[in-house]
Amino acid sequence: MLYHYTDFAAFDGIIRCAELRLNNILNMNDTSEMRLFMHGICRAVVDKLTADGEKEKSRAIDRFFHKEMEEEFHYSAYAACFSKYRDDASQWERYAHLGQGVCIAFHEKLMHKMIGGAVSLQTVYYQEDMREHRLVDAFYQLIKNSPRFSPDMAELQSLMNEAWIQSAAFKHPSFASEKESRLVISPFILNEFAVEPKYHVSVERIKKYYPLDLNRLCGRLGMHFSDLIGEIIIGPTSSQSIPILQDYLIDYGLTVLKDKISMSNCPLRKPTS
């Protein structure tokens, strides 16, 4: 299973509307999202070229990376996040309204079958050292074997696009306890992604997101989106009653899920007022 911890407002959107929102990774709680990977690749390529005596090319590629990273919002990936951990205290606190929310368990194998094209299911890696990543050698070989460095090289931009896509799968090691997987799209490069962005307006700000229509994606496989869901866990500090949640599911035509509800066993302390 992959576990999605959230609040009840988002739960309603997923369950009743069969819609999963993919939010901008740059706005998530790890402030180094995407940047960690890009800085690591840049540093490794520069060091490798410098060690070969290619100081001019190393400076050029360093400038190229930093110029690209100034445009990071253009390259933003959008994601919905899941954990491999069931009923986990840190997940409840961080992502489910201090344990007052809910956790939806999704069948990982079915999710792999459901996705494709612009949407990928990525395992998150927690590392800062990118020297062994295959893109380091790809950048190095391209720059090393080019008679003259030019930021307009088509091969260079292609590698950079791939690097931005890969960057969504790497986080700072201090988040390793989350054991995360992500549904990810990178709208800047994947032209076949036909979903239009939407905007959520709150009192504080306007947020851009991409909606995934679970009914449509599951329908391609001849299944209903409720087939994806293995369990619904009510948070450890939530006041939600099981009978009312069961009525909610029945009244919205999801009776098949009413017996998949359980209460969290996590002894998380309730927030004080």
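Which residue in β10 stands opposite E19? In this predicted model, whose local features need pLDDT of at least 70, whose side-chain atom pairs count only at pLDDT 80 or more and whose totals for linings use all residues, the residue opposite E19 is D213. Residues are numbered from 1 along each chain as its sequence is written, and side-chain values use heavy atoms, with hydrogens and water left out.

**View 1. Strand β2 pairs with β10 and with β3.** Strands are DSSP runs of E with at least two residues, helices runs of H or I with at least four, numbered from the N terminus, and two strands pair if DSSP finds at least two bridges between them. Five bridges join β2 and β10 in the antiparallel sense, while β2 and β3, also antiparallel, are joined by two, and N23 has A79 in β3 as its bridge partner.

**View 2. T237 is buried in the loop between β11 (229-234) and α9 (242-251).** Its relative accessible area is 8%, where buried means under 20%, exposed over 50% and partly exposed in between, with a 1.4 Å probe and protein chains only. Leaving aside neighbours within four places in sequence, T237 is in contact (heavy atoms within 4.5 Å) with L98, G99, Q100, L268, R269, K270 and P271.

**View 3. The side chain of T237 reaches the backbone of L98 and of Q100.** The distance is 2.9 Å to the backbone oxygen of L98 and 3.1 Å to the backbone nitrogen of Q100.

Note on methods. Polar contact = N/O pair within 3.5 Å; in protein donor to acceptor, adjacent residues only side chain to side chain.
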